[in-house]
Amino acid sequence: MIIKTLPSGPFQTNAYILGCPNTKEAAIVDPGVDSADSIIQFLESHTLTPVKIILTHSHWDHIGDVAALKKKYGIPVSIHELDASNLQNPGSDGLPMISPIEGCVPDAFFDEDDKIAIGELSFVVIHTPGHTPGGVCFYCEAEGVLLSGDTLFKQSIGNLSFPTAQPDKMWDSLKKLENLPPATRVYPGHGSDTTIAEESWLPDARRIFQG
């Protein structure tokens with residue numbers, strides 16, 4: 001698997017490119033504010049063809065360049081339906097934005113256990129509400145890779161004080177991730193990657209973060 005992390009924007013939000021080395025097809029994940037140029041450069045330098053944009057959630061720092069990349073490549077955008085309204089009308093979730101974001105109408109919705117094909121790669125959607133109602137993670141069992149969005153970070157979790165957060169749902173979401181194989185490599189929405197094994201606090205997440 002080709003996986004490239006591209007931090008950008010005021011909060012160094014991680015956009016990702018997932019590529020199949022055999023077919024050269026790629027997916028763009030969470031293209032945030034000011035990420036488009038880096039994404040385009042990487043795709044071109046590695047002769048990858050983007051076939052879809054997939055979003056872990058719709059906070060503005062994760063969707064800033066979705067519209068621009070959709071227009072450039074003419075590719076579909078997918079998100080969980082519970083986060084779709086904020087993709088179409090950024091800021092409607094009540095989270096203050098630093099600058100205006102162009103909205104985008106999603107082409108498809110995904111939910112728990114849906115399969116996402118990227119060339120010969122296959123990811124499963126894990127619905128992980130908590131940080132947002134429609135937050136999801138993308139898991140590739142064959143490669144031992146999880147893209148966790150803002151659900152799980154290295155030594156932390158997504159903010160539960162934002163307007164549309166659902167704190168009581170976060171603990172069940174983290175339980176799903178806790179049960180993945182310990183060697184699973186986790187690529188979060190912000191910060192450096194980690195593994196499930198390194199996040200040994202996960203069984204105690206509710207006590208740690210809820211107080």
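Colleague: What is the relative accessible area of Phe209?

Modeller: Phe209 is classed as partly exposed, on a scale where buried means under 20% relative accessible area, exposed over 50% and partly exposed in between (1.4 Å probe, protein chains only). This is a predicted model, in which local features need pLDDT of at least 70, side-chain atom pairs count only at pLDDT 80 or more, and totals for chains, interfaces and linings use all residues. Residues are numbered from 1 along each chain as its sequence is written, and side-chain values use heavy atoms, leaving out hydrogens and water. For Phe209 the relative accessible area is 33%.

Colleague: Which strands stand at the edges of the six-stranded sheet?

Modeller: Strands (E, at least two residues) and helices (H or I, at least four) are DSSP runs numbered from the N terminus, and two strands pair if DSSP finds at least two bridges between them. The sheet is open and mixed in its pairing, in the order β7-β8-β9-β10-β13-β14. Each edge strand has a single partner, so one side of it is left without a neighbour in the sheet; these strands are β7 (115-118) and β14 (194-195).

Colleague: Which residue of β8 is the bridge partner of Ile116?

Modeller: β7 and β8 (residues 121-127) run antiparallel and are joined by four bridges. The partner of Ile116 in β8 is Phe123.

Colleague: What angle does the direction of helix α5 make with that of β8?

Modeller: Helix α5 (residues 167-178) packs on the sheet and touches β8, β9 (136-140) and β10 (145-149), contact meaning heavy atoms within 4.5 Å. Axes are lines fitted to C-alpha atoms, for helices over the stretch in contact, and angles run from 0 to 180 degrees between N-to-C directions. The direction of α5 makes with that of β8 an angle of about 150°.

Colleague: How many aromatic pairs does the whole structure hold?

Modeller: Rings of Phe, Tyr and Trp (its six-membered ring) pair if their centres lie within 6.5 Å; planes under 30 degrees apart count as stacked, over 60 as edge-to-face and the rest as tilted. A search of the whole structure gives a count of four.

Colleague: How many residues apart in sequence are the parts tied together by the pair of Tyr16 and Tyr187?

Modeller: The ring centres of Tyr16 and Tyr187 are 6.0 Å apart and the planes are at 80°, so the pair is edge-to-face. Tyr16 lies in β2 and Tyr187 in β13 (residues 185-188), so the separation of the parts in sequence, in residues, is 171.

Colleague: Is Tyr16 buried or exposed?

Modeller: The relative accessibility of Tyr16 is 3%.

Colleague: At what angle are the ring planes of Trp201 and Phe209?

Modeller: The ring centres of Trp201 and Phe209 are 5.4 Å apart, and the pair is edge-to-face. Trp201 is buried, at 11% relative accessible area. The planes of the two rings are at 70°.

Colleague: How far apart are the C-alpha atoms of Phe110 and Glu81?

Modeller: Phe110 is in the loop between β6 (108-109) and β7, and at 7% relative accessibility it counts as buried. Beyond four places in sequence, Phe110 touches residues including Ile79, Glu81, Ile116 and Val125. Phe110 and Glu81 are 29 residues apart along the chain, and their C-alpha atoms are separated by 7.1 Å.
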